[in-house]
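Subject: Structure handover and notes

Hello,

Here is the structure for you to take over. My notes follow below it.

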Amino acid sequence: MGKKVKEDKKPPPDDVFDTLSVESRQAGTVVLMLSSPEEDVQSKACEAIYKFVDKCDENKKQLLDLGAGEALLKLMQSEDRIVRRNACMALGVMTAHPDVRKFLRKREEAIPAFIQLLAPEEDTVVHEFSGLGLSNMATEFSSKATIFEAGGVDALVKCLSSSDPDVQKNSVEALAQLLLDYQSRAAIRDADGLNPLLELLKSEFAIIQKLSLLALDRASQDSENRSALRELEAMTKLVDFVAHPEWNDLHVMAVMVLSNLLEDLESLELVKETGGLKRLVALITDQVPPEEEPKAGTGKGEKKAGSRAAKKSAKGSKSGKKEESEKEEPPPGEAIIPTLPDVKMSAAKAIARSARSAENRKILHEQEAEKMLIHLLSHESSDVQTAAAQALGIMSENLLSKDSIREWEGMQPLIKLCNSDNGDVKEAVTLALANLTTGNSTNCQEVSNLNGVETLIHLLADPRDEAVANTCCVLTNMATEEVLRTEAQGKGIVTALLEPLKSQNTRVQAKSSLAVAAYVCDADSRAEFRNAGGLESLIQLLHSGNDEVRRNAAWALAVCAVDEPTAIEICKLGGMDLLQEIQVSGTRKNPFAEVALERLLDANLSAKYALTGQLSSTNLIEDGFYDAGQIRPNTKFMSIEDYCKQELNDKRPVLFINAKADPVTTQSASNPEMEAKENSKTNVSGKSSRTGREGKGPTSPGRRRASMIPDDVDRKSKQKEKEEKQKEEELQAQLQKEAEALANSENQPVSPPTDSNLVKYIEEVTDRILPLATATDQVKALAQFVADKMGGPIEKGQLPNFSWELPLSQVKFELKSNVIPIGKIKAGIHVHRALLFKALADRIALPCSLTRGEYNRAWNEVMLPETQEQPGGQKFPPCCFLVDLIHQPGQLLKSDSPEAVTYKKL
């Protein structure tokens, strides 16, 4: 055997603990190991915790309850790189739990510790998990502010350039969360972080591209960031991104960023110069993008062509192979891959958002953006149709776009989509049509040519309120053309508008009221609307608390009140009372209600005089006018039929103007003539019958004696009974006729009395006063005429002694009515004479006003020249004179003179 060599093993020092390998299966034990002074133990404990918390969220909460958060936070600041790394990994994963984040928010050193680990000298793994921790912490706004104040934006931006995709992903995710705060948007621009975000669009990983687009979307909401992105050619890069069909799931987000950028006029001008907008439009409409011509002196055209070739080449290809790749490209038509519906919808929304500015609309129109939107209307997706129609509605606010959309045949698909089953589509389409037809008669005519009137009238019954309101706007726009208005009226639009008036939606109520005002502008349509019960709905809208609804309803009533039957119906339904209430109110008063009330009163002069006590020279009194006296507030205005039905009372009589011929009188005058004729006929026939009977047989005495036999007596008695029976039947028939006539008279409205004296007055005035040379002479002569018919002049101071009340009461008793025709009055004072003067003056076209004062005072004012005009002499404006009808009939008093003031007062 060989010689054994003794091994030289030195025993460990006496003061050193022997190595101990421990296997622990309790999380609490590992947490205790975090407090070990040995870095190797700390590192292994952190690694074990990382593996444990990475399994599920319950483990994260368990370790937090065991106090691991405090220990790990402390170890993240350890001097040992491995300990720092493992502690960062464990705590970074634990931040996914909300309770852990809540714990860390209370520790001021937590977020700065994560940010400190983003330093360039740290390991890539440390960067990854510290970025993960910050991205989780940035979900709360309080943590966003802390990260921003601790300089986290700058540190995260530097990590964007890392070669590790996990670091990029966590960093860009953290930045995307931070960019929800406006302060971080400025900070990322100052830290030059926009360009790295654009570069990440080229990443091989879809999640990184998605997060970078999300960050760009939020960053581009700041105007200065948009300016910086323009300098970085972000528009071109984003359009290039949309041109990649393999990234179609991210195209929506890219278009959203483009939407933000296109808000600025400068961005639109830039994309217009580079041709990017046309290229985007071509991509969205699935057409061949236009070839861009290279500009002289710049390599942009070549660069873009090269980049397009690079899209087709493999990742490992070099720039020297560009020509080969271009040769291998398929023909353009075969290379088109349709964009997704969501992308098309987002693109249409981007156009709509950009078109909110007038300058932007102009540039978009120059780039023919309307063509893309019209093309999208034919897409099968209702969301795309809605977005395209909304964009067209905004674009049509440009005057040139309205004509272009029509010329490019965009009206037809819009009208066709009015029949869509989708409510959003109908709402957007009707809005577009409303804007297109506003102030454009050619587009209105085009809607009619495309048979759109019936479609629109049918839409008035749609359950979608906004669609109905927009339809009312379109129809109102079309009503400006008489031909189109007549066409719509013939197709029943007046009755179709009744349903929208009953809607509970205030916008529908307002727009339908405006449409009613546009279409009831002639007598036939007003009668149709009145008979269909539309006035009740309009009057109900006056109760609305919405200002626009009240204004439009008042305007519609103003249009309806032009003719007398409709005005009377409005008064019966309480419309006049409501309009008065609105005008008295301090908050609801509006000029439209004032116009409606004026027109209502102008069409019903009796009500106007009762309410306002004033009739102007343009308010002509006609037959049927009556003066019931001044009406107190909150008192219902009664019709002349109501006054006629009243029993005789001791109140002020109602003065009535009626110069029509009395049909009852003429009928009664004709009845005696008819009766006389009938009687004459019966008498003649009676005589002939008697002579006939007497002439029969011989007149010899023998025959007379022979006739006196009993049979002859019986025959006479039978004939007498027959005549009596016939008389009874005639009497019963007469009584039945009288009963029927009485019943008919009760059912029929009471006809007001006629005035034969007034008819004579008008004839006299027409013959004697109308031929006078000047208006002054006519006024004086008419005043004298009225005074003569009303009891003559009354000396000043003698008016109380003038007997006029007793004769008036006698007339009331004779007529057995409270309604007295003005011609029946033979003794009258101011109120009677002024009314008669106004009625007669209106018949001979002599302009004068009628004003009611207090205590039975009333007066007339006329506009006359102060001096008699000489032919060829100077002409002066006329002056206002008050006509004296009481003391010195025919005297003209200046309206502001003391005599005129005295005349008006008691």
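Which residue does the side chain of Asp264 meet in a salt bridge? The partner is Arg230, with an N to O distance of 3.1 Å. Please keep in mind throughout that this is a predicted model.

Salt bridges

The Asp264 and Arg230 pair links distant parts of the chain, 34 residues apart. Asp264 sits in the loop between α17 and α18 (265-274), and Arg230 belongs to helix α15 (residues 223-231). Both ends fall under the 20% limit for buried residues: Asp264 is at 12% relative accessibility and Arg230 is at 14%.

A second pair is Glu427 with Arg464, where the closest N and O atoms are 2.9 Å apart. Glu427 is partly exposed, its relative accessible area being 24%. Arg464 is partly exposed as well, with a value of 29%.

There is also a network: Lys61, Asp65 and Asp99 are joined into one by salt bridges that share partners.

The side chains of Glu199 and Lys202 form a further salt bridge, at 3.6 Å from N to O. Here Glu199 counts as partly exposed at 35% relative accessibility, while Lys202 is exposed at 60%. In total the structure holds 40 salt bridges.

Which residues of helix α6 (residues 98-105) are buried? They are Val100, Arg101 and Leu104. These residues are on the same side of α6, because they cover an arc of only 100° around the axis.

In helix α17 (residues 251-261), the residue I looked at is Met253. Met253 is buried, with 17% relative accessible area. Apart from neighbours within four places in sequence, Met253 is in contact with Lys210, Leu213 and Leu214. Val343 lies 90 residues from Met253 along the chain, and the C-alpha atoms of the two are separated by 8.4 Å.

Strand β6 (residues 858-864) is mostly covered, with six of its seven residues buried. β6 pairs with strand β5 (residues 849-852) through four bridges, and the two run antiparallel. Within this pairing, Thr851 has Trp859 of β6 as its bridge partner. The hairpin of β5 and β6 has five residues between the strands, and Tyr855 in that hairpin takes a positive phi near 55°.

β6 also pairs with strand β7 (residues 879-883), again in the antiparallel sense, over five bridges. In that pairing, Met863 has Cys880 of β7 as its bridge partner.

Leu655 is placed opposite Ile820 in β4.

Ser897

The last item is Ser897, in the loop between β8 (892-894) and α52 (898-904). Ser897 counts as buried, at 13% relative accessibility. The side chain of Ser897 reaches the backbone oxygen of Lys894 at a distance of 2.6 Å.

Regards

Note on methods
Residues are numbered from 1 along each chain as its sequence is written. This is a predicted model: local features need pLDDT of at least 70, side-chain atom pairs count only at pLDDT 80 or more; totals for chains, interfaces and linings use all residues. Side-chain values use heavy atoms; hydrogens and water are left out. Buried means under 20% relative accessible area, exposed over 50%, partly exposed in between (1.4 Å probe, protein chains only). Contact means heavy atoms within 4.5 Å. The arc is that of the directions from the helix axis to the C-beta atoms. A salt bridge is a side-chain nitrogen of Lys or Arg within 4 Å of a carboxyl oxygen of Asp or Glu. Two strands pair if DSSP finds at least two bridges between them. A polar contact is a pair of N or O atoms within 3.5 Å; within protein, one must be able to donate a hydrogen and the other to accept it, and residues adjacent in sequence count only if both atoms are side-chain atoms.
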